[in-house]
Amino acid sequence: MIKEFMGRDFLLNSEPALKMFEAAEEMPIFDWHCHLSPKEIYENKQPEDIAWLWLAGDHYKWRAMRSCGIDEELITGSASGYEKFKAFASIMPCLIGNPMYHWCHLELRRYFGINDILSAETADDIWNRANERIAAGGFTPRELIEKSNVSHLCTTDDPADRLEYHKLIAADGSFSCKVLPAFRPDKALGIDLPAWRPWLSDMEKTAGREINGFSELCTALEERIEFFASLGCCASDHAFAYVPYEEASAEELEEIFSLAKDGGSVSTVQADKFKTALLSFLAAKYAERGWVMELHIGAMRNNNTKMFRALGADAGYDSIDDREIAVKLSRFLDGLAVRDKLPKTVLFTLNPKDNYVLGAMLGNFQSSEAQSKIQFGSAWWFNDNIDGMREQMKALANLGALGKFVGMVTDSRSFLSYPRHEYFRRIMCGLMGDMVAQGLYPNDEKTLCALARDISYNNAAKYFGIK
């Protein structure tokens, strides 16, 4: 028997799974890691058309189009929105098995009421119908967020950012969703990158003084932590290709800082010493405030030099790193734990080879300070698909406490991305339903529905302390 495409039982293969999803779908969304623009949320402009909503800045779609031989002019070039939409529609039949096929059709259904299948043949009709809906209203950033039942979202913000749009949004009582900043000091840590010195200059302007040493940088960042906290920040976010861990003396750190500020070349070992010390300092401050520290591990960025020069970062030329992470991650977490400075921490891996590495690492540092204080972050980026999500949750279930999982994040720049939470919830309920169907867990509807609600929203709300 062939199931209906994306019917009510989409990804749900048992009665327990259906019951759990009925409980999960009623829960609000807490999007505690995204890349939405606070400026766009505040300005709340009506989008031009579906191409602007769908294709502008979406490197997932760009990669798929390149894989199907679409010319760059129709991806990031000067072609019209209509031409880009037509080009994207033409590749859709080729994306069998790609989560984007499901995401796009979920978005068409949930926001536009369009149940047709997108292809070259249907592109014109869907283009016209979608744009008619947009023109009729209801598609501004705030309207899309509210339609998606988002209670809170955390953007990713640099320490040097003055957060003026967060202030303006917070002062506007008409918007039901709470938009919180998240502290993302990657540029502060990237002392070995060309962007570090310009960032330091920006940070000095924000701080209102020169920063002439490692200890002064720490002081300036602590002041920014205080400022972020005043606007409701409850999380920090860090991304590493690999886990840096090299110990250093205070004197060495000052020398490394001075070398970099003066324009000198910083070695990998020196950079890792700087990153270890600064991240350890920041983590201790997060622990004092009860913030959550997110560590995203394993992205290998800007692989195509030619296209990086043409388009810059975040254009679809990143992939998965395969370096070992266990030993240095253990030493970093342990160095904080022995000083009682380990914050609540979410560990993400981009390489699924490390699912069991992280799943096992959690148990080394749990405590009664929080339920599942050390979390295994949801399947991320290239793993944000049926197999990736199931494998991440299976690893967590095998090694830890799936019932305390803080669930899904969009990790997106698109205001149309929220059906990915539905996608996750269906996959999560399907996985647990399979366990029940196989006799691996009791068919206790009350307990199962409570688990589904908790993983969908309640666990994250409690873990991050949102109100």
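Buried, as used in these legends, means under 20% relative accessible area, whereas exposed means over 50% and partly exposed lies in between, for a 1.4 Å probe and protein chains only. The model is predicted, so that local features need pLDDT of at least 70 and side-chain atom pairs count only at pLDDT 80 or more, while totals for chains, interfaces and linings use all residues. Residues are numbered from 1 along each chain as its sequence is written, and side-chain values use heavy atoms, with hydrogens and water left out.

View 1. The structure holds zero disulfides, a disulfide being a pair of cysteine sulfur atoms within 2.5 Å. Cys233 is buried, with a relative accessible area of 6%, and its sulfur is 6.3 Å from the closest cysteine sulfur, that of Cys234, which is too far for a bond. Cys234 is likewise buried, at a relative accessible area of 8%, but the cysteine sulfur closest to that of Cys234 belongs to Cys154, at 4.4 Å, again too far for a bond.

**View 2. Helices α4 and α5.** Helix α4 (residues 59–67) packs against helix α5 (residues 81–91) at an angle of about 65 degrees, with the axes 10 Å apart; helices are DSSP runs (H or I, at least four residues) numbered from the N terminus, and axes are lines fitted to C-alpha atoms over the stretch in contact, with angles from 0 to 180 degrees between N-to-C directions. In the contact (heavy atoms within 4.5 Å), Lys61, Ala64 and Met65 of α4 meet Lys84, Ala87, Phe88 and Ile91 of α5.

**View 3. Helices α1 and α19.** Helix α1 (residues 15–24) and helix α19 (residues 419–437) pack at about 145 degrees, their axes 8 Å apart.

How values were computed: Helices (H or I, at least four residues) and strands (E, at least two) are DSSP runs, numbered from the N terminus.
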